[in-house]
Amino acid sequence: MSVLEVKVWRGGADGGYRAYTVPREDAQTVLDVVTHIQRYLDPTLAYRFACRVGMCGSCAMTVNGKARWTCRTHVAAVAGNDRLEIGPLANLPIVRDLVTDMREFFDKWARARGQFQPTATRRDEFARVEPASSTRRAVDAAIECIGCGVCYAACDVVAWNPSYLGPAALNRAWTLVNDARDGARAERLAAVAGDAGCHACHTHESCTERCPKHLSPTASIAGLKRASVLAALRGEL
Ligand code: SF4
Ligand code: SF4
Ligand code: FES
């Protein structure tokens with residue numbers, strides 16, 4: 001029987017890697033490996049998942065040094081020499097083992113004004129947004145974010161400056177800046193234009209390279225930079 005040698009992070013920030021041997025299976029994902037360890041080798045292992053099909057964004061971990069969604073990452077694609085090292089996401093506090101505390105990540109979505117601000121009531125007609133308009137296309141290109149935190153864990157600027165809003169919150173802000181139905185454009189641009197906002201991005205593109213949904217937070221952030229500078233020049237901020 002073919003096996004994988006797997007090292008898994010155990011404990012909190014001062015923890016360390018523990019070794020396990022896991023049977024190799026056809027079409028096995030990294031999440032399958034973690035589940036095998038928890039079910040058959042060590043029931044105290046803490047990890048997080050929900051959908052197993054790339055929808056919920058809860059299963060992201062660091063796999064052989066890179067942030068990935070583990071339910072859609074096949075072992076065959078990442079386990080060179082039948083070895084895996086699985087740890088919690090970087091740039092976030094560790095709760096225990098493979099579970100990180102996502103509060104800061106989502107608090108930053110709120111700081112970037114990531115909430116839709118309606119301008120109509122339920123008694124109004126449905127808004128009609130032209131699918132071919134440039135703003136609608138900008139929204140469509142960025143809207144499929146599942147909040148997995150992979151981009152945030154991959155971003156060097158977050159590591160250097162923990163108050164930086166980060167790629168996911170800024171990507172969300174960009175979808176709302178382009179939403180014709182939203183009424184908080186100026187407040188949102190002001191919220192993302194500060195020192196820890198879009199202008200802190202160094203355009204490294206690690207977020208875009210790693211995003212499992214093939215989104216481009218880098219492009220969204222570039223759009224925010226342009227829009228916030230224009231709004232400032234027009235005296236709107
Ligand atoms: S492009 Fe900007 S947000 Fe994305 S990883 Fe680089 S510095 Fe971070
Ligand atoms: S932008 Fe991509 S990597 Fe970042 S949270 Fe959304 S889906 Fe995950
Ligand atoms: S378990 Fe939902 S995205 Fe992986």
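**Close-ups of a predicted model**

**View 1. Strands S1 and S2 sit side by side in a sheet.** S1 and S2 pair in the antiparallel sense over eight bridges. Helices (H or I, at least four residues) and strands (E, at least two) are DSSP runs, numbered from the N terminus, and two strands pair if DSSP finds at least two bridges between them. Look for Leu 4: its bridge partner in S2 is Val 22. This is a predicted model, where local features need pLDDT of at least 70 and side-chain atom pairs count only at pLDDT 80 or more, while totals for chains, interfaces and linings use all residues. Residues count from 1 along each chain as its sequence is written, chains are lettered from A and ligands numbered from 1 in the order written, and side-chain values use heavy atoms, without hydrogens or water.

**View 2. Here's the whole open sheet, five strands in the order S2-S1-S5-S3-S4.** The pairing is mixed. S2 and S4 (66-69) are the edge strands, each pairing on one side only.

**View 3. Zoom in on helix H1, residues 30-41.** Its buried residues (under 20% relative accessible area, 1.4 Å probe, protein chains only) include Val 30, Leu 31 and Ile 37. Among the elements covering them are strand S3 (60-63) and helix H2 (75-78).

View 4. Thr 35 is buried, with a relative accessible area of 5%. Leaving out residues up to four places away in sequence, Thr 35 touches Tyr 47 and Arg 52 (contact means heavy atoms within 4.5 Å).

Technical notes: Expected span 1.5 Å × (residues − 1). Buried < 20%, exposed > 50% of the residue type's maximum accessible area, 1.4 Å probe, protein only.
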